[in-house]
Amino acid sequence: MSSQLSHNKDQPRIRKSLSDSSPTSSTATTKSLRHERLSRLSSSGSSDVSNDTTTNHAESYFSRRENRLSARKKAEEETANNDYKKMYEKALATNQRLKSRLETSKQELVMIQEQLQRAQQKGRKGECGSNMLETEKKESWSLKKKISDMEEQVKVKADLKMENQRLKDENGALIRVITKLSK
């Protein structure tokens, strides 16, 4: 029950009925039919057209790939720039906060020094009794201690200010490097 059909005069095609084919040979027949179809498709058109379409597909693939890579690189650069910008803004905010604390400490230091001078002047005058003199000495001693503590704080804040300036300089250098790299 096999019949022979010709699809093209140059390429005869054989079709078997279900009764003639066995289950093991059906996969081999399917593979051979696919191979025949592929060979017919490749031989029916000109090879230039198939090469052109293959080339066009390859070119479009590579151009899409380049676009994706450049978009990803651009996104990474923007993220890096934003990180440095955030770091710079954070350093500026810290610097401003430290400046305000330094000014407050300086004002407190001036007030305490004035109180100390007043206390010393009262002690020199001897207006008060020995009891008052003793409390003034204690006050004077505590004020001197506060002054020394505040002087240390001023030194620490000055060091922090220098450190902030160094960090600002580093951030500026990093921003310049990123700008050069992005060009």
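Which residues does Ser140 touch, not counting residues up to four places away in sequence? Select Ser140 and see: the partners are Leu116 and Gln120. Contact here means heavy atoms within 4.5 Å.

**Before going on**

This is a predicted model, in which local features need pLDDT of at least 70 and side-chain atom pairs count only at pLDDT 80 or more, while totals for chains, interfaces and linings use all residues. Residues are numbered from 1 along each chain as its sequence is written, and side-chain values use heavy atoms, with hydrogens and water left out.

**Stop 1: the whole chain**

Show everything as a cartoon. The protein has three helices and two strands. Their order along the sequence is β-β-α-α-α. Helices (H or I, at least four residues) and strands (E, at least two) are DSSP runs, numbered from the N terminus.

The accessible surface comes to about 15300 Å², by the Shrake-Rupley method with a 1.4 Å probe; for residues, only the protein chains shown count as cover. Carbon and sulfur atoms hold 54% of that surface. Of the 183 residues, 10% are buried. Buried means under 20% relative accessible area, exposed over 50%, and partly exposed in between (1.4 Å probe, protein chains only).

Look at the contacts as well. Take those between residues at least 6 apart in sequence: 69% of them join residues at least 24 apart.

**Stop 2: colour by confidence**

Colour by pLDDT, the predictor's confidence in each residue, from 0 to 100. The average is 76, and 67% of the residues score at least 70.

Select residues 14-24. Here pLDDT stays under 50, and the model has eight contacts for this stretch beyond four places in sequence. Go on to residues 45-49. The pLDDT is below 50 there too, and the stretch has zero contacts in the model beyond near neighbours in sequence.

**Stop 3: the aromatic pair**

Select Tyr61 and Phe62. A search of the whole structure finds one aromatic pair. The ring centres of Tyr61 and Phe62 are 5.3 Å apart and the planes stand at 70°, so the pair is edge-to-face. For the cut-offs, rings of Phe, Tyr and Trp (its six-membered ring) pair if their centres lie within 6.5 Å; planes under 30 degrees apart count as stacked, over 60 as edge-to-face and the rest as tilted. Tyr61 has 40% relative accessibility, so it counts as partly exposed.

**Stop 4: the core between H2 and H3**

Select Leu109, Ile112, Leu116, Leu143, Ile147 and Met150. These six residues form the largest nonpolar core. Helix H2 (47-125) and helix H3 (130-182) each supply at least two residues of this core. A nonpolar core is a set of buried Ala, Val, Leu, Ile, Met, Phe, Trp, Tyr and Cys residues joined through side-chain atoms within 4.5 Å.

Centre on Ile147. Leaving aside neighbours within four places in sequence, Ile147 is in contact with Leu109, Ile112, Gln113 and Leu116.

Return to Ser140, in helix H3. Is Ser140 buried or exposed? Ser140 counts as buried because its relative accessibility is 12%.

Next, pick Ser105 in helix H2. Ser105 is buried too, with a relative accessible area of 7%. Beyond four places in sequence, Ser105 is in contact with Met150, Gln153 and Lys157.

Then take Glu139, in helix H3. Glu139 is partly exposed, at 45% relative accessible area.

**Stop 5**

How many salt bridges does the structure hold? It holds two. A salt bridge is a side-chain nitrogen of Lys or Arg within 4 Å of a carboxyl oxygen of Asp or Glu.

Select Arg166. Its side chain meets that of Glu163 in a salt bridge (2.3 Å, N to O). Arg166 and Glu163 are three residues apart in helix H3, so about one helical turn separates them. Arg166 also forms a salt bridge with Glu170, the closest N and O atoms being 2.3 Å apart. Arg166 and Glu170 are four residues apart in helix H3, again about one helical turn. Shared partners join Glu163, Arg166 and Glu170 into one network.

Finish with the surface on. Arg166 is partly exposed at 38% relative accessibility, Glu163 is partly exposed at 34%, and Glu170 is partly exposed at 38%.
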